[in-house]
Amino acid sequence: MNRKWFHQFSATALALLIVALSFTSYATPQPPPPSRSSSKVMQIEKDPHTFASPAEVVVKHLDLDLNVDFKKKQIGGKATLQIDNKTNAKQLRLDTRDLTIEKVTLGKSATPTTFRLGDEVKFLGRPLVIDIAYDTREVTVYYHTSPTAAALQWLEPSQTAGKKRPFLFTQSEAILARTWVPCQDSPGVRMTYHARVQVPKDLLAVMSATNPTRVNRRGVYEFDMPQAVPSYLLALAVGDLAFRPLGKRSGVYAEPTVVDKAAYEFADIEKMMAAAEALYGPYRWQRYDVIVLPPSFPFGGMENPRLTFATPTVLAGDRSLVSLVAHELAHSWSGNLVTNATWNDFWLNEGFTNYFENRIMEALNGKNYAEMLAQLAQQELQDEVKAISTEHPEDTRLHLELAGRDPDEGMTDIAYDKGFMFLRMIEATVGREKWDAFLRKYFATFAFQSMTTAHFVEYLRANLIKGDQALEEQLKIDQWIYQPGLPDNLPKIHAVEFDKVKAQLQAWQAGKPAKELQTQGWTTQHWLYFLSQLPASMSKAQMADLDAAFGLSKTGNSEILFAWLMRAIANKYEAAYPALEHFLTSQGRRKFLKPLYTELAKTAEGKAMAKRIYQKARPTYHSVSYLTIDEILK
Ligand code: BES
Ligand code: ZN
């Protein structure tokens with residue numbers, strides 16, 4: 001906690017004390033003594049990215065009544081919050097950012113109350129401080145969003161597949177929910193929700209909740225999320241959407257021209273669900289659907305409960321990139337069920353999920369396939385550690401220190417892949433049987449709760465290590481979690497499939513033309529490995545030889561194209577530049593954009609080209625992406 005935070009905190013405490021003292025002299029009914037429910041409060045660690053004080057008053061349920069206005073690029077209406085006032089607090093503090101608050105009322109009687117918006121704090125927005133009575137159970141905030149709300153992307157028809165209708169989607173993780181809903185925007189707070197959303201008549205609205213599958217005449221949709229979820233999982237998408245069922249519990253939404261391709265790509269979802277349940281226990285969210293969004297969606301996927309949001313760049317046409325769906329599905333346990341308490345504990349979400357994703361892929365496609373994914377992840381981890389270590393070695397620790405920073409900044413591949421390797425190392429050390437039993441119990445014990453890193457470690461020691469000193473020393477837990485870099489018990493991974501790739505690579509480097517290499521039966525992962533092992537510096541002729549033989553610049557597989565374009569930039573292979581420009585202007589996934597622009601920015605000509613392309617592309621990117629690229633090209 002830095003000084004500024006502390007001042008803010010102590011000023012609030014003082015104000016609360018004064019208010020409390022002044023109230024005692026009135027002849028109003030006296031509040032009953034505070035009812036601290038102690039055991040769960042223990043888990044509430046101070047979240048540096050919220051203004052809320054959930055240990056005092058906590059939101060239990062949210063009821064949204066919203067209108068979506070595409071002309072104004074505005075969501076407006078009211079949010080009714082059911083609260084539990086544990087300490088007879090006189091104020092409810094919510095997070096907001098770029099919201100206009102029109103009025104606030106208390107209770108079913110809708111009695112207006114006073115409120116104030118505190119000063120703007122960088123990244124965090126402004127606290128909304130609402131005066132409440134000790135017996136207030138319900139608070140209604142009337143508000144509307146700003147056209148530049150960071151969570152929202154309003155797409156012109158030209159940015160959609162159909163080109164005829166506009167589209168809106170939200171992205172709330174990590175701390176962007178507050179830009180479209182006034183809430184306690186901390187992953188340590190969970191609430192159930194209901195929503196009524198009014199949209200233009202021929203568009204469909206879907207949320208991270210129970211969903212409709214077709215448009216209705218009034219353009220009004222109702223949603224329920226009966227399981228308590230943190231605010232970063234609030235999500236809404238509105239557009240010209242069609243639905244295709246995939247199985248009893250699953251289906252896919254997308255624009256009408258995309259939905260059949262999506263249904264083909266994701267045909268294995270029911271198998272993934274069965275595999276996941278066999279590993280770590282029942283799926284607790286009833287349905288699992290996926291929505292394929294327009295190409296500007298800034299992430300590969302987002303684990304919005306009941307409805308994963310996904311990039312269309314995952315639609316390779318051959319189901320070769322669906323580990324992304326396994327990943328988002330795995331979050332239904334790691335993340336959505338057991339949730340990182342603060343963004344410092346992000347690895348508890350993503351590291352567990354990457355591990356779990358790999359186990360699902362192994363169950364579906366076998367060990368050899370899963371080992372290819374694991375080895376590629378480990379390679380990426382080693383590159384990432386190298387890249388971060390020069391300037392921010394502290395960001396290579398699993399447990400992060402993000403106070404005072406934009407959480408987005410510190411949330412790198414470390415949480416994903418170092419977390420994955422840490423859990424894989426434990427599995428290898430104690431054996432799969434013990435480890436899986438431990439994880440099953442972990443998910444069952446902490447379902448619908450939040451988890452801190454310290455609490456996880458304590459639980460691990462109590463339930464897996466159980467005082468075994470030799471095991472404790474072998475695992476090096478503290479080194480993995482609290483120290484930078486990679487400990488020497490990093491698991492060794494050898495994907496036997498990649499031996500074939502290595503042999504062909506050697507042949508090529510010894511002078512064999514690319515078109516004579518034996519690449520039959522190679523999967524996307526073989527190609528990604530091939531591309532990753534190419535020499536750093538290659539001649540134009542070598543690049544052209546590979547391109548002509550394998551059609552790399554023309555591939556429709558986004559991961560292969562990305563890896564190839566990185567090589568093209570590094571080696572100034574100009575024949576691929578039109579493909580590069582097309583890729584940068586036709587999709588907005590940050591994971592692809594950031595490295596490509598960074599690579600371009602390394603040379604003067606590259607940077608000039610990047611700036612020219614970016615000028616055109618920036619208006620089509622989501623803020624999550626363009627804020628990152630702005631920094632690279634400034
Ligand atoms: N929860 C993340 C996306 C995210 C992380 C959004 C941090 C905002 C802040 C999601 O589950 C994810 O990890 N997506 C990955 C894909 C995955 C296969 C690694 C992505 O978008 O690249
Ligand atoms: Zn994830």
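Mentor: A salt bridge is a side-chain nitrogen of Lys or Arg within 4 Å of a carboxyl oxygen of Asp or Glu. By this rule, one salt bridge crosses the interface of domain 2 and domain 3. The model is predicted: local features need pLDDT of at least 70, side-chain atom pairs count only at pLDDT 80 or more, and totals for chains, interfaces and linings use all residues. Residues are numbered from 1 along each chain as its sequence is written, and side-chain values use heavy atoms, with hydrogens and water left out.

Trainee: Which residues form the salt bridge?

Mentor: Aspartate 408 pairs with arginine 590, and their closest N and O atoms are 2.7 Å apart.

Trainee: Where do the domains lie in the chain?

Mentor: Domain bounds come from an automatic or database domain assignment. Here the assignment gives domain 1 (1-240), domain 2 (338-482) and domain 3 (498-633). Seven residues of domain 2 and nine residues of domain 3 take part in the contact between these two, contact meaning heavy atoms within 4.5 Å.

Trainee: How much area do domain 2 and domain 3 bury between them?

Mentor: Buried area is the accessible area (1.4 Å probe) that two parts lose on being put together, summed over both. For domain 2 and domain 3 this is about 690 Å², with 62% of it on carbon and sulfur atoms.

Trainee: How far apart are the C-alpha centres of domain 2 and domain 3?

Mentor: The C-alpha centres of these two domains are 30 Å apart.

Definitions and conventions: Chains lettered and ligands numbered in written order.
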